[in-house]
Amino acid sequence: MTSRRSAIPERKADSNQMWGGRFAEGPSAVMRVINASIPFDKRMWRQDIAGSKAHVAMLGKQGIVAAGDAQTIADGLDAVAVDYERDGVPEDLALEDIHMVTENALAEKIGAVAGRLHTARSRNDQVATDFKLWVRAAIDEVDAGLAALQTALLDRAEEHADSVMPGFTHLQSAQPVTLGHHLMAYHAMIARDRGRFRDARARLNQCPLGAAALAGTGFPIDREATAAALGFDGPTTNSLDSVSDRDFALEYLTAATQCSLHLSRLAEEFVIWASQPFGFVSLSDQWSTGSSIMPQKRNPDAAELVRGHAGRIMGCMTGLMMTMKGLPLAYSKDMQDDKPPVFEAHDLFGLTIAAMTGMVESATFRTERMRALAESGFATATDLADWLVREAGLPFREAHHVTGRAVKAAEDAGVRLDQLPLETLRAIDDRIGEGVYDVLSVDASVNSRRSFGGTAPERVREAIAAARRENG
Ligand code: ARG
């Protein structure tokens, strides 16, 4: 096959065979390395082949390239794809990037006719198209992963719709809630995250191909056709913007950052809950590690890494923001640095979603421990105050004060609020009657919080049912 190299236009010394016509010398060794994106952009080879096939089919249809040549090129691209699938993409730094590596591979297969593929396009619109296709597929992957995580949260929430745990503010025991309600809070966050990815996908789905280098082209191309062939809603509207826009990559990264921030919060809860003083959860063997010197240990490493990866994903986002900041129109080579942060973030993000899903699915929740702590933290103090307002007609501020004294009495006696004798309560305020015991238990407390979006088990079950309907 190498004999076909003769089909490629002759080049001087080591100058680039694709664009080296006006260059007398080749690049310095360092230039070759700093200039090359093939080590990372080869990851877009499927998108590059798909983009080229759509382009050449259009060129053939428009009579810009003879129909027979267009067919030869399309078949050649299929053959290159077979090679890539089998052997991987060759990392030829001299050829710079996936676009030129592929064109070169095509020339080796079909000879000089390969040179017709690049008619009426540029690597600038080509790379924007490839990358958009890649990010679009990445969003679809993320969405499937997040849907699975939501299912795991729904399943565990349903199982624990009645399991009482302390609800916290300031990480202080505040009011009893149910574990189901707590898990559904994360379901709600992820629903917003999926919405952000959906929005980003809809906004990115316009095809830059045909913007050419920056100004459009004089050839009679059909941009609607290439856009449709690649599953876009239509072509982009401004050629300068088309080749310089990386909003789609930034939107992927910002949505991923915000979602990974949510996952880091859930991960942190798992770390806290898995600690001995809390003892709310034991993570399964699959998602923990032991210590090399402390045999009793069972560390929540996966949760800690989800927490940590959020920082790295955020770093990828700020990195690309910095790269794009202040760039004049249109394409600048800085923009070649757009791919590594997106690829890195996507890999880290995929791992965090999968690990979090696994942890949620397999965690053993220690509900007796949760209930004991909910009962021990005077978490029903607000229920006592509310009862004084409702049943004894006290203004809330006064009820708050009376309740404070009751909490103090319970603390001094070393008992729970619902274990205080009626005489003790009546000594604090004689408007307190027997009926108060109906609200002082943690179960009574959660059952009473029936306002829409509240923690009462019946509301949590409704929220789960609504979420299942929405997820389809
Ligand atoms: N390797 C380049 C990139 O990834 C492709 C576009 C190059 N365009 C150019 N005018 N040098 O951004």
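UniProt positions are given in the numbering used here, and its annotations may be inferred rather than shown by experiment.

**Entry 1. The annotated regions**

I note at the outset that I am working with a predicted model. I looked up the UniProt record, an unreviewed entry, which places "domain: Fumarate lyase N-terminal" at residues 21–315. I then examined the secondary structure of residues 21–315 and found 61% helix and 6% strand.

For residues 378–447 I recorded 61% helix and 0% strand. The end C-alpha atoms of residues 378–447 lie 17 Å apart.

**Entry 2. The surroundings of the ligand**

I next asked which residues surround the ligand. I listed Ser37, Asp97, His99, Arg123, Asn124, Val127, Tyr331, Gln336 and Lys339. Sorted by class, this shell has two nonpolar, four polar and three charged residues. Helix α6, which spans residues 123–159, gives the most to the shell, with three residues.

I then looked up individual atom distances. In serine 37, a polar side-chain atom is 3.1 Å from a nitrogen atom of the ligand. In asparagine 124, an N or O atom of the side chain is 2.8 Å from a nitrogen atom of the ligand. In lysine 339, a polar side-chain atom is 3.0 Å from an oxygen atom of the ligand. On its own the ligand has 340 Å² of accessible area, and the protein covers 86% of that area.

Why does the ligand lie between domain 1 and domain 2? I found that domain 1 (34–120) and domain 2 (124–217 + 224–372) both give residues to the shell, so the ligand lies between them.

I turned to strand β1 (residues 164–169) and strand β2 (residues 172–178). In which sense do these strands pair? I recorded an antiparallel pairing over six bridges. I located two facing pairs of residues. Proline 166 stands opposite proline 176 in β2, and glycine 167 stands opposite glutamine 175 in β2.

The two strands form a hairpin, and I counted two residues between them. Histidine 170, in the turn, has a positive phi of about 55°. Leucine 171 is found in the loop between β1 and β2. Although leucine 171 is not a glycine, I read a positive phi of about 55° for it.

**Entry 3. Further backbone details**

I looked up one more residue with a positive phi. Alanine 212, a residue other than glycine, has a phi near 55°. I located alanine 212 in the loop between β3 (206–207) and α8 (223–229).

Finally, I examined a peptide bond. The bond from leucine 329 to alanine 330 is cis, with omega near 0°. I placed alanine 330 in the loop between α11 (301–324) and α12 (339–362).

Technical notes: Residues are numbered from 1 along each chain as its sequence is written. This is a predicted model: local features need pLDDT of at least 70, side-chain atom pairs count only at pLDDT 80 or more; totals for chains, interfaces and linings use all residues. Side-chain values use heavy atoms; hydrogens and water are left out. Two strands pair if DSSP finds at least two bridges between them. Helices (H or I, at least four residues) and strands (E, at least two) are DSSP runs, numbered from the N terminus. A residue is near a molecule or strand if one of its heavy atoms lies within 4 Å of it. A polar contact is a pair of N or O atoms within 3.5 Å; within protein, one must be able to donate a hydrogen and the other to accept it, and residues adjacent in sequence count only if both atoms are side-chain atoms. Accessible areas come from the Shrake-Rupley method with a 1.4 Å probe; for residues, only the protein chains shown count as cover. Ala, Val, Leu, Ile, Met, Phe, Trp, Tyr, Cys and Pro count as nonpolar, Asp, Glu, Lys and Arg as charged, and the others, Gly among them, as polar. Domain bounds come from an automatic or database domain assignment.
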